[in-house]
Amino acid sequence: MTTFRLRGGRVIDPANGVDDEPRDIVVRDGRIVALAAHEPVDEHIDVQGCVVMAGGIDMHTHIGGGKVNLARLLLPEDHRANGNPIALPDNPLELPSCGGCTPGTLATGYRYVEMGYTAAFEPAMMACNARHTHMEMGDTPILDHGAYVMLGNDELFLQMLAEGWDFERIRDYTAWTLHASKAMGVKVVNPGGISAFKFNQRKLDVDEAHCHWQVTPRQVVQTLARALRELGVPHPLHIHGSNLGVAGNIASTLETIKALDGLPGHLTHVQFHAYGTDGAKKFSSAALQLAQAVNAHPNISIDVGQIMFGQTVTASGDTMRQHAQSGFANPRKWIGADIENEAGCGVLPFRYREQSYVNALQWAIGLEIFLLVDDPWRVVLTTDHPNGGPFTSYPHLIKLLMDRSFREEQLAKLHPDVAAHCALRSITRELTLSEIAIMTRAGPARLLGLADRGHLGAGAAADMAVYREQADRERMFTTPEFVFKDGTLVARAGRITAVPVGGTHFVEPEFDRGIEKTLRGHLARHGSVNFDHIAIGHDELCSCCNGGRLLPTACFEASA
């Protein structure tokens, strides 16, 4: 058992009420422990002049599954441009593993850790593709990981809803899906809309009926949110709402909040769902309306999905909206796919441009949301990697949020109509280090039910990032002095020093096994996979994840 002390650092640990206090952190056998200053340790590490935070947690980043591999393969020019070290002059082998938009598994793990992140969660895992997703996340070094399984567009769920099945059976189906796929939570994408698109329906608003099943997105959202609450799943329903990217979609977003009727819900990449129709261009910011709604509804949490200028590739289960946007692909190519009628997959490359009115306004809307929502515990810092931009842009985003003068310099470079009329100009708020720590560490851990992550209290896993204090926050957050994963030094000054295997987070809610008879019959009629081969056991999950630790998250009592 080894013990070491981080000595002389300024600790930012909002989960434990510590805000920029000089404190020592002592680690024993991979855990933070309470140890008096005079008690001996095996090693002292001097971190004077540094800020100490828990390891970063990205709770919404597309890093595993079929769509991510399609995104990598769709842009060979991206990994050529970003210096693929495998491509030698006499052996021009190209691997889509070092691109800037969607790096491969190894580069993903290394680049996250080099910024001080120690966990990342895939937000759109299809149940029938769960093994692939877990294998890919397991191939991503160092990071703890997990995924949210997609429901709400699979034909069995919609049939149950349409035919008025007992809620308890739908709840059991939800629990079985979580259990079988070893997911952390449930994601709903364009509720009912992916399925409706397969029936040639091109839009589906919150109270609009699916043309075949005659159910509405409101019913889908209410049912899934209630099921998760009653099952005691810590993470609320992860909601990709209706009408992503459509001018005026703020109305749909506000109705989705109402549809929850007080139940917990997490609205994801809300920047893409906060658009109005004011002005000559009929495209305007509705960030204030969204922020007011979030401020007024404590049951709601959000992640922003900030866009960052430059080349990226968008990868989403929302084939309805990806098809509608396919004409804007840059370069002009895209992929649409479906697996087992569970959901969908749409992948298209996109370049966000500073001189595009729409793109510039999207950039401003995201920043406005960050700065207008009062409670940082309910706002998570994301770019919806890679949809709004690559996760490697987080240090730049943090500087925008912490430095108003820098923000105004960047605003002045944008399309003149946006810069002249943007509400962002009047927002004076600058986020603090503590607020950044909440949005990137403590908040995601709380929303996911990770009791021993995202903080530096006694008993916590020793996932830690040590940043050299710098006025330039982008430089500061780009390269930490030290990064520890479970007490192991994994990066020092931007160089990877160790490559442990991360752990897999998942939930296993209880359910009535009688639902398996229904599932077996449905798959025998409509599926291509033997029912007995679907569920992933603990031994197999461990094998999928390269022998990494299994980290089951406890469900809570629904009445609590």
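Me: What makes Phe 477 count as buried?

Reply: In this predicted model, Phe 477 has a relative accessibility of 3%. Buried means under 20%, so Phe 477 counts as buried.

Me: Why is the pair of Tyr 467 and Phe 477 called tilted?

Reply: Two values describe a pair of aromatic rings: the distance of the centres and the angle of the planes. For Tyr 467 and Phe 477 the centres are 4.7 Å apart and the planes are at 50 degrees. Rings pair if their centres lie within 6.5 Å, and planes under 30 degrees apart count as stacked, over 60 as edge-to-face and the rest as tilted. Tyr 467 and Phe 477 therefore form a tilted pair.

Me: What parts does that pair tie together?

Reply: Tyr 467 belongs to strand β19 (residues 464–468) and Phe 477 to helix α17 (residues 473–478), so the pair links parts that are 10 residues apart in sequence.

Me: How many aromatic pairs does the structure hold, and what makes the pair of Tyr 112 and Tyr 117 tilted?

Reply: There are 10 aromatic pairs in the structure. The ring centres of Tyr 112 and Tyr 117 lie 5.6 Å apart with the planes at 55 degrees, so this pair is tilted. Both Tyr 112 and Tyr 117 are buried, and together with Phe 391 and Tyr 394 they form one aromatic cluster.

Me: What makes you say that a charge sits over the ring of Tyr 117?

Reply: The charged end of Arg 441 is 5.8 Å from the centre of that ring, where the distance limit is within 6 Å. Arg 446 likewise lies over the face of Trp 377, at 3.9 Å from the ring centre.

Me: Why is Ser 301 called buried, and which side chain does its own side chain meet in a polar contact?

Reply: Ser 301, in strand β14 (residues 300–303), has a relative accessible area of 2%, so it is buried. Its side chain makes a polar contact with the side chain of His 266 at 2.7 Å, and the cut-off is within 3.5 Å.

Me: Why is strand β9 described as largely enclosed?

Reply: Five of the five residues of β9 (residues 185–189) are buried, so the rest of the structure largely encloses this strand. Gly 185, Lys 187 and Val 189 point one way, Val 186 and Val 188 the other way, and all are buried.

How values were computed
Residues are numbered from 1 along each chain as its sequence is written. This is a predicted model: local features need pLDDT of at least 70, side-chain atom pairs count only at pLDDT 80 or more; totals for chains, interfaces and linings use all residues. Side-chain values use heavy atoms; hydrogens and water are left out. Rings of Phe, Tyr and Trp (its six-membered ring) pair if their centres lie within 6.5 Å; planes under 30 degrees apart count as stacked, over 60 as edge-to-face and the rest as tilted. Buried means under 20% relative accessible area, exposed over 50%, partly exposed in between (1.4 Å probe, protein chains only). Helices (H or I, at least four residues) and strands (E, at least two) are DSSP runs, numbered from the N terminus. A charge sits over a ring if NZ of Lys or CZ of Arg is within 6 Å of the ring centre and within 35 degrees of the ring normal. A polar contact is a pair of N or O atoms within 3.5 Å; within protein, one must be able to donate a hydrogen and the other to accept it, and residues adjacent in sequence count only if both atoms are side-chain atoms.
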